[in-house]
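Here are my notes on the model you sent.

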Amino acid sequence: MKSPFTLLSPAEKDCLPLVFDSPHSGIHVPTDFQSNASAAQLKTGWDAFIEHLWQDVVAIGGHLLHANFSRMYIDPNRAPNDIDPALVDSPWQGCQPTKYSERGMGLIRRYALPDVAMYQQPLTRAEVEQRIASYYQPYHQTLATTLEQLHSQFGAVWHIDCHSMKSKGNAMNIDSGASRPDIILGDNDGLCAGAEFVEVVEQAFVNLGYNVVRNDPYKGGYLITHYSNVKANRHSMQIEINRALYMNEKEFTLNDNYFNFKKDLTSVANDIAKYVSSNI
Ligand SMILES: [Zn+2]
């Protein structure tokens, strides 16, 4: 892994205050990572091909940031202190576990899959701090700086946090066993993005024939709550895409619909870019 992240930026003349980020695109794990879970089990948390599916956003003026490290090593879509104390070998007052840690999916995963523990023994605090400093923070600093620069240049910024979801949730997911829609848009029940913006994104998918649900069950995670401030014209929302639309979920290979679906996402990105252009 050359860098913990990749940032693709548009040509200066095309630049819009529009940032896409994909925190679960990475598959690489550093050499210090030793897990009980098999490579195939670790892969299930990978939002495979998401950075490729959205890559055309750069040609239309957006930035695209994606992680190169696996979320199974450390998850950028969690608060830096969302740590299950049971994962660390000594008491650590800084641990503030949330509902994600309770489900085994905090900053550092406790379970790869239901009943598949990630580690044979607890990690040291130094190991966790090293993951934060070398992988988590560089990703966040880059996202924060990009959003900040665009906001100061344009007075507003629109951020889309990109993910993919299994077509059916497992026992670690809040919608365990349920079949999922094509697209779930999360704006934390309207708190993280302006209503008009969310409407534009929803309509773009609906016009192409996709079934879209808002905030159920995914309202958006730490990335959108941390970086949004609607009153200050900082809008963040999450797009979850059903993996069955573009890949074979068992094999982690592209399916026959991949290129059609990618074309549709480029059309969605164009609608988003048009909205952003007309609001600056
Ligand atoms: Zn994800």
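1. How many bridges join strand E2 to strand E6, and in which sense do the two run? The model is a predicted one. In it, E2 (residues 18–22) and E6 (residues 157–165) are joined by 4 bridges, and the strands run parallel.

2. Strand E2 also pairs with strand E3 (residues 63–67), again over 4 bridges in the parallel sense.

3. Is E2 mostly covered or mostly open? The strand is mostly covered, with 5 of its 5 residues buried. Leu 18, Phe 20 and Ser 22 point one way, while Val 19 and Asp 21 point the other way. The residues on either side of E2 are buried.

4. Turning to charged pairs, the model has 10 salt bridges, counting a side-chain nitrogen of Lys or Arg within 4 Å of a carboxyl oxygen of Asp or Glu. The points below take up some of them.

5. Glu 129 and Arg 125 form a salt bridge, with 3.1 Å between the closest N and O atoms. Both residues belong to helix H4 (residues 125–154) and sit 4 residues apart, about one turn of the helix. Glu 129 has a relative accessibility of 33%, so it counts as partly exposed. Arg 125, with a relative accessible area of 35%, is partly exposed as well.

6. What does the salt bridge between Glu 148 and Arg 234 tie together? The two side chains meet at 3.2 Å, N to O. Because Glu 148 lies in helix H4 and Arg 234 in strand E9 (residues 234–242), the pair ties together parts that are 86 residues apart in sequence. Glu 148 is partly exposed at 40% relative accessibility. Arg 234 is at 17%, and therefore counts as buried, the cut-off being under 20%.

7. A network is also present: salt bridges that share partners join Arg 71, Asp 75 and Arg 78. Within this group, the closest N and O atoms of Asp 75 and Arg 71 are 3.4 Å apart. Are Asp 75 and Arg 71 buried or exposed? Both are buried.

Conventions. Residues are numbered from 1 along each chain as its sequence is written. This is a predicted model: local features need pLDDT of at least 70, side-chain atom pairs count only at pLDDT 80 or more; totals for chains, interfaces and linings use all residues. Side-chain values use heavy atoms; hydrogens and water are left out. Buried means under 20% relative accessible area, exposed over 50%, partly exposed in between (1.4 Å probe, protein chains only). Two strands pair if DSSP finds at least two bridges between them.
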